[in-house]
Amino acid sequence: YWPPQYTIMNGDTLEPLKIVATRGYTVDTQEYHPEPRVASIVASHFKPEFVVNVKETGQTLMVDYSDINNLKVTTIGTERFLHDGGWDSSKRYFMVAANQRNTIAVVDAKEDKLVKLVGVGKIPHPGRGANLVDPKFGPVWATSHLGDETVVLIGTDPEKNKANAWKVVRTLKAQGGGSLFIKTHPKSKNLWVDSPLNPAAEVSQSVAVFDIGNLDKPFEVVKIAEMAGLGEGPKRVVHPEYNKAGDEVWFSVWNGKTQESAIVVIDDKTRKLKTVIKDKRLITPTGKFN
């Protein structure tokens, strides 16, 4: 976030090689912004490019790092208040949330252009989002929201399902707002949705899980914090993350700094507790990545 810049580094040593400022003009009103923050960066699967999303200006920068002394940057005007996002299943299209605009911007990393701005629910916060195959609408990418209880599924297959591409094809209702992350796995039939910032403890301490094969079926509530067996504290359950095999889902039970926290491991097939990891070094755990 700060300073308003991105840095290209040596991949082996992390030595900074080039620093580039992100100061510039907003995509809509064309006003100068002195401190636009970098919200997310991913690497293209098609070219030697980084996809750099600049929050306050709403500019997505396609940074060609093949020759950093003669740096080439393609600036794509997407939408203001960019935040996090993830690839569709083909890894061609980057789906990035413009959270205060209730929008998902679809960026084509092969053609380096904006494909579509898709209106969604209130304050989308997808993390990386979730790719799955909807039984009715084909390949979709899903996001949950901070501002409401919805889970929105956007069609992502312009070749075989053109009529559904870059449109909201289905809206599910989870437990409530305050969601930060949504997750599934290619080998899983489950779609997990957290809600750690929901004001109701029974919601923030549990998760909703949908059956991908029957998305019309009501979600099941899994009481993760209760499984952890912790003492007092908010015990917010956050960030479902699969193991590599796709048969376990790990959740953080995020407690106060001076309170006991834990990692809860769930068997994805049965949705039952597998183990609880506790350690004095687990202080306010949130994201987990493999």
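**Stop 1: a leucine in a loop**

Select L14, in the loop between β1 and β2 (16-21). This is a predicted model. L14 is not a glycine, yet its phi is positive, about 60 degrees. Is the residue buried or exposed? L14 counts as exposed, because its relative accessibility is 54%.

The peptide bond between W2 and P3 is cis, with omega about -5 degrees.

**Stop 2: the whole chain**

Zoom out. The protein chain has 2 helices and 24 strands. Its C-alpha atoms fill a box of roughly 55 × 45 × 35 Å along the principal axes. For 290 residues, a compact globule would have a radius of gyration near 19 Å, and the 20 Å of this chain agrees with that. Colour by accessibility: 52% of the 290 residues count as buried. Of the contacts between residues at least 6 apart in sequence, 44% join residues at least 24 apart.

**Stop 3: the sheet from β9 to β12**

Show β9, β10, β11 and β12. They form an open sheet of 4 strands in the order β9-β10-β11-β12, paired antiparallel. Which strands stand at the edges? They are β9 (82-87) and β12 (113-119); each has a single partner strand, so one side of each lacks a neighbour in the sheet. Neighbouring strands here are turned by 25 degrees against each other on average, direction ignored.

Now pick out β10 (residues 93-98) and β11 (residues 103-108). These antiparallel strands are joined by 6 bridges. Click F94: its bridge partner in β11 is V107.

**Stop 4: a lysine without a salt bridge**

Go to K55, in the loop between β6 (49-54) and β7 (59-64). K55 is buried but has no salt bridge. How far away is the nearest side chain of opposite charge? That side chain is E56, at 6.0 Å. A salt bridge here requires a nitrogen-oxygen distance within 4 Å. Show what surrounds K55: beyond its neighbours within four places in sequence, its contacts include Y1, R37, R80, F81 and N99.

**Stop 5: salt bridges across the chain**

Side chains of opposite charge can pair when their charged atoms come close. This structure holds 15 salt bridges.

- Select D112 and K47. Their side chains meet in a salt bridge at 3.4 Å, N to O. The pair links distant parts of the chain: D112 is in the loop between β11 and β12, K47 in the loop between β5 (38-43) and β6, 65 residues apart. D112 counts as buried, at 12% relative accessibility. K47 is partly exposed, at 29%.
- Select R128 and E241. The closest N and O atoms of this salt bridge are 3.0 Å apart. R128 is in the loop between β12 and β13, while E241 is in strand β21 (residues 236-242), 113 residues apart. R128 counts as partly exposed, at 43% relative accessibility. E241 counts as buried, at 8%.
- Select E220 and R271. Their salt bridge has its closest N and O atoms 2.7 Å apart. E220 lies in strand β20 (residues 220-222) and R271 in the loop between β23 (262-267) and β24 (272-277), so the pair ties together parts 51 residues apart in sequence. E220 counts as partly exposed, at 33% relative accessibility. R271 counts as buried, at 14%.

**Stop 6**

Show β13, β14, β15 and β16. This open sheet of 4 strands has the order β13-β14-β15-β16, with antiparallel pairing. Its edge strands, β13 (130-134) and β16 (168-173), each pair on one side only. The twist from one strand to the next averages 30 degrees. Antiparallel pairing of β13 with β14 (residues 138-143) runs over 5 bridges. V133 has P139 as its bridge partner in β14.

Click T150 in strand β15 (residues 150-155). T150 is buried, with a relative accessible area of 12%. Its contacts beyond four places in sequence include G121, T143, H145 and L172. Draw a line to N70: T150 and N70 are 80 residues apart in sequence and 45 Å apart in space, C-alpha to C-alpha.

Finish at W166, in the loop between β15 and β16. W166 has a positive phi, near 60 degrees, and is not a glycine. W166 counts as buried, at 9% relative accessibility.

Methods
Residues numbered from 1 in each chain as written. Predicted model: local features only at pLDDT ≥ 70, side-chain atom pairs only at ≥ 80, totals over all residues. Heavy atoms only, no water. Pairing = 2+ DSSP bridges. Axes fitted to C-alpha atoms, helices over the stretch in contact; angles between N-to-C directions. Buried < 20%, exposed > 50% of the residue type's maximum accessible area, 1.4 Å probe, protein only. Lys, Arg positive; Asp, Glu negative; His and termini not counted. Contact = heavy atoms within 4.5 Å. Rg over C-alpha atoms; globule rule 2.2 N^0.38 Å.
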